[in-house]
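The following paragraphs lead through the fold of a single protein chain, from its overall dimensions to individual residues. Please keep the sequence and the model in view while reading.

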Amino acid sequence: MRQAQLAELQVGRLGLGAMGMSVAYAVGGFDDAESIRTIHRAIDLGVTLIDTAEVYGPYVNEELVARALPGRRDQVVLATKFGLISHTGRDGLDSSPASIRVAVDGSLKRLATDHIDLYYQHRLDRGTPIEDTVGALAELVAAGKIRHIGLSEVGVDTIRRAHAVHPITAVQSEYSLWTRDQEDEILPLLRELGIGFVAYSPLGRGFLTGSIRSTAELPDSDYRKSNPRFFDENFQHNLDSADQLRAISTEIGATAAQVALAWLLAKGPDIVPIPGTKRVAHLEENIGADSVELTADQLARLDRLTPAVGGHHAEAQMAWIDR
């Protein structure tokens with residue numbers, strides 16, 4: 001696999017999101033053995049960045065990832081996140097230094113490692129100055145518990161303030177053919193500062209694969225049932241965009257998932273999509289995007305696809321996004 005650059009951190013240019021192995025996407029249930037096989041196969045195919053978080057489960061997703069890594073820990077860049085769980089008894093988001101110090105030790109134990117390669121603040125805690133949060137993370141870097149600092153779903157002011165305290169290696173946010181709002185301000189700022197970008201939900205939570213034709217296919221426990229882009233009033237419009245993508249991908253001779261990922265990869269060597277999957281077959285399909293080369297005309301046609309209608313997340317979760 002070709003490589004990408006997140007500041008000074010080099011990774012395979014396609015990563016693996018592990019969240020769906022334990023939570024959120026209920027279709028087909030959860031199978032830890034298949035998930036571990038998927039992680040092993042990802043490493044075999046050149047994936048190095050593996051993404052989890054303490055809140056996934058909570059906690060069980062970190063433990064699952066750890067079960068896949070004995071003998072292979074040095075082959076991966078391990079990323080996890082803190083801040084959606086308070087370890088100080090506060091209500092709501094908590095990125096206070098006291099909570100971070102508890103969170104990192106818990107993640108290190110669950111991940112069965114002595115260091116975390118990339119440690120993200122999961123969402124901005126407006127009750128704690130970002131300078132205090134990044135200052136605590138800088139202490140963890142000095143202590144060797146973490147190697148690099150990341151932020152997730154933050155705006156330009158927060159990024160600048162954080163980076164002034166300690167270099168930020170990566171910002172993670174949603175970005176796909178469906179979700180383009182990173183292009184106006186965030187990506188130009190990251191390139192100005194030399195910060196990499198990690199794109200979560202690069203396949204629109206599976207919608208862009210073309211495999212979801214009706215919300216009736218989703219179990220009631222599936223996270224997407226609460227996502228506005230899957231609501232009836234938005235679904236058909238968004239399905240039309242997915243169908244346009246599928247038509248273009250047929251012309252190219254690749255799957256819709258591969259073309260959607262190849263479009264992201266073409267946006268620059270500092271962008272790393274982390275498509276999530278819990279099955280080897282889907283992983284292998286996604287990795288095929290590494291060999292898809294899009295022409296300027298194909299990229300322009302993909303750029304013209306209509307972004308999704310509906311919010312990224314349910315209203316309560318949107319309140320956590322810093323813009």
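The radius of gyration is taken here over C-alpha atoms, and the rule for a globule is 2.2 Å times the number of residues to the power 0.38. For 323 residues, that rule puts a compact globule near 20 Å, and the protein chain, at 19 Å, agrees with it. The C-alpha trace spans about 50 × 40 × 40 Å along its principal axes. The model is a predicted one, in which local features need pLDDT of at least 70 and side-chain atom pairs count only at pLDDT 80 or more, whereas totals for chains, interfaces and linings use all residues. Residues are numbered from 1 along each chain as its sequence is written, and side-chain values use heavy atoms, with hydrogens and water left out.

The protein chain contains 11 helices and 10 strands; these are DSSP runs numbered from the N terminus, with helices (H or I) of at least four residues and strands (E) of at least two. Buried means a relative accessible area under 20%, exposed means over 50%, and partly exposed lies in between, with a 1.4 Å probe and protein chains only. By this criterion, 58% of the 323 residues are buried. A contact requires heavy atoms within 4.5 Å. Of the contacts between residues at least 6 apart in sequence, 75% join residues at least 24 apart.

Accessible areas come from the Shrake-Rupley method with a 1.4 Å probe, and for residues only the protein chains shown count as cover. The protein chain exposes about 12,500 Å², of which carbon and sulfur atoms supply 52%. For charges, Lys and Arg count as positive and Asp and Glu as negative, while His and the chain ends are not counted; each charge is placed at NZ of Lys, CZ of Arg, CG of Asp or CD of Glu. The 32 positive and 44 negative charges have mean positions 2 Å apart.

How are the strands arranged? Two strands are taken to pair if DSSP finds at least two bridges between them. At the β3 end, β3 and β4 are parallel and share 2 bridges, and Leu16 has Ile50 of β4 as its bridge partner. The next pair, β4 and β5, also runs parallel and is joined by 3 bridges; here Asp51 stands opposite Ala79 in β5.

Strand β5 (residues 77-82) is largely enclosed by the rest of the structure, because 6 of its 6 residues are buried. In a regular strand, side chains alternate between the two faces of the sheet. In β5, Val77, Ala79 and Lys81 point one way, while Leu78, Thr80 and Phe82 point the other way, and all are buried. Beyond this strand, Ser96 lies in the loop between β5 and α3 (97-111). Ser96 counts as buried because its relative accessibility is 12%. Leaving aside residues up to four places away in sequence, Ser96 touches Thr88, Arg90, Asp125 and Thr128.

The buried residues of α2 are Asn61, Glu62, Leu64, Val65 and Ala66. Their cover includes α1 (32-44), β4, β5 and α3. The loop between β4 (49-51) and α2 (60-67) holds Pro58, which is joined to Gly57 by a cis peptide bond with omega of about 0°.

Strands β1 and β2 form a hairpin with 2 residues between them. Strand β1 (residues 3-6) runs antiparallel to β2 (residues 9-12), with 4 bridges joining them, and Gln3 stands opposite Gly12 in β2. The covered face of β1 carries Ala4 and Leu6, and the uncovered face carries Gln3 and Gln5.

In the hairpin of β1 and β2, Ala7 takes a positive phi near 55°. Glu153, in the loop between β7 (146-152) and α5 (156-165), has a positive phi near 50°. This residue is buried, with a relative accessible area of 0%. Ser201 occupies the loop between β9 (196-200) and α7 (232-252), and its phi is positive, at about 50°. Ser201 is likewise buried, with a relative accessible area of 13%.
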